Amino acid sequence: MKNTGKVIIGLCLITAGVLWILNIVGVLPFTFSTKGWWALFVIVPCLCALFSEQKDKVGPCIGIGLGVLLLLAARGVITWNMMWQIGVALMIIGFGLQLILFKWTGCFRPAGECTDTTINRDGKNIRRIETAFGKQDISFNGEKFEGADVETSFGGLTLNLRGAEIQDQAFINLNVGFAGVTIIVPDGLAVQTSVGSGFGGLADHRYTKVSSGTPLLIITGKIGFGGVEIRN
């Protein structure tokens, strides 16, 4: 929702004002401190995402939990060592909840099943690929490839772009969790990457590495407990 950010900020301001009044009249005495205020840059965006229309609610909840842990550690309530340990435990719990919630809502996919649809976005045909629990090989040979949103978990996925028709620029946006993705590109295709990773990473194993020019493939997204390999 467009007004979610305003609502969250408004609620925060109202809460701060009420607490300030209670402190002034002595009902709820406390000492104000700005220590650890920067953790709000993690908490507030995650709160906005939690109350937005996006389907993923577990991710924002994990972000809020990590933000609160950062705030507590910065203020000395818990140690930094405890913060990282609890943070990892929260992520593991979050992934477990995501599996359970998928099952409840009917979005959990059987082993080896792959959902592959095409949507139109900004005048381009974008592939929407979702896989889980299995190994999938998807080839774009002979197709006009403009972009793909890829979400995969607990399995392996190969995206083969050999023989694909790429004009000027295309993209692959990844969301990888507990999975491995191999992207096979043709020789001469320029590739640029901007992928965030937590407990995972991206490896470029191309024999000939081209990073500029046309056609260009831009790989973005996030990796959690997984890996992405690019090769010719």
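Good morning. A salt bridge, as the term is used here, is a side-chain nitrogen of Lys or Arg within 4 Å of a carboxyl oxygen of Asp or Glu. Arg 128 and Glu 151 form such a pair, with their closest N and O atoms 3.0 Å apart. This pair connects distant parts of the chain, since Arg 128 belongs to strand S2 and Glu 151 to strand S4, 23 residues apart. Please keep in mind throughout that the model is predicted.

Arg 128 counts as partly exposed because its relative accessibility is 26%. Glu 151 is also partly exposed, with a relative accessible area of 22%.

Let me now step back to the chain as a whole. Its secondary structure amounts to 4 helices and 9 strands. In sequence order the pattern is α-α-α-α-β-β-β-β-β-β-β-β-β. The chain has 232 residues, and 32% of them count as buried. Among contacts with a separation of 6 or more, 53% are between residues 24 or more positions apart. The accessible surface of the chain is about 13600 Å², and carbon and sulfur atoms account for 63% of that area.

How many salt bridges does a search of the whole structure find? The search finds 8. One of these salt bridges joins the side chains of Asp 149 and Arg 121, at 2.9 Å from N to O. Here too distant parts of the chain are linked: Asp 149 lies in strand S4 and Arg 121 in strand S1, which covers residues 114-121, and the two are 28 residues apart. Is Asp 149 buried or exposed? Asp 149 is buried, because its relative accessibility is 10%. Arg 121, by contrast, has a relative accessible area of 33% and is therefore partly exposed.

A further salt bridge brings together the side chains of Lys 144 and Glu 146, at 4.0 Å from N to O. Glu 146 has 16% relative accessibility and so counts as buried.

The Arg 127 side chain makes a polar contact of 2.6 Å with the side chain of Glu 143. Beyond its neighbours within four places in sequence, Arg 127 is in contact with several residues, including Asp 116, Thr 118, Ile 138, Phe 140 and Asp 149.

I turn next to the nonpolar interior. In soluble globular proteins, nonpolar side chains tend to be buried together. In this model the largest nonpolar core has 26 residues, and those with the most contacts inside it are Phe 145, Leu 159, Ile 172, Leu 174, Ile 183 and Leu 217. Strands S4, S5, S8 and S9 each contribute at least two residues to this core. Which strand gives the most? That is S5, with 7 residues. Another core lies apart from this one and has 6 residues, among them Ala 39, Leu 70, Ile 78 and Met 83.

Finally, I would like to point out Arg 206, in the loop between strand S7 (201-204) and strand S8 (216-224). Arg 206 is buried, because its relative accessible area is 6%. Its side chain makes a polar contact with the side chain of Asp 204, at 2.8 Å. Leaving out residues up to four places away in sequence, Arg 206 touches Val 185, Leu 189, Val 191, Ile 230, Arg 231 and Asn 232. Thank you for your attention.

Notes: Residues are numbered from 1 along each chain as its sequence is written. This is a predicted model: local features need pLDDT of at least 70, side-chain atom pairs count only at pLDDT 80 or more; totals for chains, interfaces and linings use all residues. Side-chain values use heavy atoms; hydrogens and water are left out. Buried means under 20% relative accessible area, exposed over 50%, partly exposed in between (1.4 Å probe, protein chains only). Contact means heavy atoms within 4.5 Å. Accessible areas come from the Shrake-Rupley method with a 1.4 Å probe; for residues, only the protein chains shown count as cover. A polar contact is a pair of N or O atoms within 3.5 Å; within protein, one must be able to donate a hydrogen and the other to accept it, and residues adjacent in sequence count only if both atoms are side-chain atoms. A nonpolar core is a set of buried Ala, Val, Leu, Ile, Met, Phe, Trp, Tyr and Cys residues joined through side-chain atoms within 4.5 Å.
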